[in-house]
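Hello,

Please find below the structure I said I would pass on. My notes on what turned up in it follow after the display.

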Amino acid sequence: MSAHGGSDQARPYEPAHGRAVRRLTAGAVRRRKGTPFPIVTAYDAPFAGFAEAAGIDILLVGDSLANVVLGYDETTPITVEVMIHHAQAVVRGTSRAHIVVDMPFGSYHVSDEDAVRNAIRLVKEGGACSVKLEGGGMEADRIAAIAATGIPVMGHIGVMPQTAGLGPGYKKRANRERLLEQAKKVEAAGAYAIVLEVVDSEIAEEITASIAIPTVGIGAGPHCDAQVLVLHDALGIYSQSPPFAKRFAELGSAATNALAEYAREVRERGFPAR
Ligand code: KIV
């Protein structure tokens with residue numbers, strides 16, 4: 001029986017407390033180059049636990065948290081403190097997964113020192129195994145500065161949601177030269193993997209063949225080494241998802257139906273049972 005009196009079979013999530021913690025390293029992720037692997041975002045303990053139980057051993061505490069959990073239109077309002085709060089929950093809900101935590105907008109733009117300070121906070125206070133930041137220009141210097149402290153960094157080019165709303169927008173990126181140059185710069189700066197978001201599929205294939213670190217695609221076609229999906233898209237929590245995302249479940253309507261059933265039973269005095 002579960003703590004709530006249900007059968008064990010119906011209990012999908014067990015808190016990680018007391019379990020031996022042994023997490024996949026960034027080096028091990030890097031060595032997966034050439035073998036397809038899944039990544040999903042996670043923002044809280046139970047869903048991180050579901051993902052780990054499903055065999056997904058790399059979880060991204062993405063700043064998409066702003067959109068899918070906290071109800072903002074953009075990711076820009078998210079702070080380092082908020083990322084730490086959610087990273088801690090994901091860490092508590094897992095024991096083996098590699099936890100990558102997004103550096104939010106403004107946390108790595110001012111100087112190398114500021115970027116390093118904030119990356120250290122995500123590791124020390126949030127429990128991050130590595131951090132991710134967006135950009136393939138001056139951001140390469142930030143990647144190098146953070147990597148020099150020993151903190152592994154995942155890069156991110158293509159559509160970069162932190163600044164997309166400030167001008168460049170969300171359309172597919174297809175500037176071959178620029179994307180290749182950025183990917184190589186991010187690799188040379190010391191990143192252990194790189195996200196390609198909404199990048200032309202053929203260019204993503206070329207980048208994947210041109211660099212020695214794994215490419216992680218989202219809306220970038222089938223040729224990347226890994227794929228990442230936002231949890232709420234994969235689970236069908238909202239009525240709309242981006243065209244490149246596949247809905248592997250319809251949890252949004254399942255939740256509404258379950259709560260409608262609860263409400264009906266209370267109104268009809270069917271719950272609690274007499
Ligand atoms: O914040 C996020 O969820 C991300 C993924 C879309 C890669 O950066």
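How far is an oxygen atom of the ligand from an N or O atom in the side chain of S64? The distance is 2.5 Å. Before going further, please keep in mind that this is a predicted model.

The ligand

S64 is one of the residues around the ligand. Sorted by class, the shell is made up of 4 nonpolar, 4 polar and 4 charged residues.

For D63, a backbone N or O atom lies 3.1 Å from a ligand oxygen. For D102, an N or O atom of the side chain is 3.1 Å from an oxygen atom of the ligand. On its own, the ligand would expose 260 Å², and the protein buries 95% of that area. As for where the ligand is found, it sits in the largest pocket.

Salt bridges

Searching the whole structure gives 13 salt bridges. One of them joins R32 and D57, with 2.7 Å between the closest N and O atoms. This pair connects distant parts of the chain, the two residues being 25 residues apart. R32 belongs to the loop between α1 (26-30) and β1 (37-41), while D57 belongs to the loop between α2 (45-53) and β2 (58-61).

Backbone details

P272 is located in the segment after α11 (251-267).

V198 is found in the loop between β6 (193-197) and α9 (201-210).

If you want a place to start, go to the ligand and look for the side chain of S64, with its N or O atom 2.5 Å from a ligand oxygen.

Regards

Note on methods:
Residues are numbered from 1 along each chain as its sequence is written. This is a predicted model: local features need pLDDT of at least 70, side-chain atom pairs count only at pLDDT 80 or more; totals for chains, interfaces and linings use all residues. Side-chain values use heavy atoms; hydrogens and water are left out. A residue is near a molecule or strand if one of its heavy atoms lies within 4 Å of it. A polar contact is a pair of N or O atoms within 3.5 Å; within protein, one must be able to donate a hydrogen and the other to accept it, and residues adjacent in sequence count only if both atoms are side-chain atoms. Accessible areas come from the Shrake-Rupley method with a 1.4 Å probe; for residues, only the protein chains shown count as cover. On a 1 Å grid over the protein atoms alone, a cavity is a set of points where a 1.4 Å probe fits but cannot get out, and a pocket is an open set with protein on both sides within 12 Å along at least five of seven lines; lining residues have an atom within 4 Å of a point. A molecule sits in a cavity or pocket if more than half of its atoms lie within 2 Å of its grid points. Ala, Val, Leu, Ile, Met, Phe, Trp, Tyr, Cys and Pro count as nonpolar, Asp, Glu, Lys and Arg as charged, and the others, Gly among them, as polar. A salt bridge is a side-chain nitrogen of Lys or Arg within 4 Å of a carboxyl oxygen of Asp or Glu. Helices (H or I, at least four residues) and strands (E, at least two) are DSSP runs, numbered from the N terminus.
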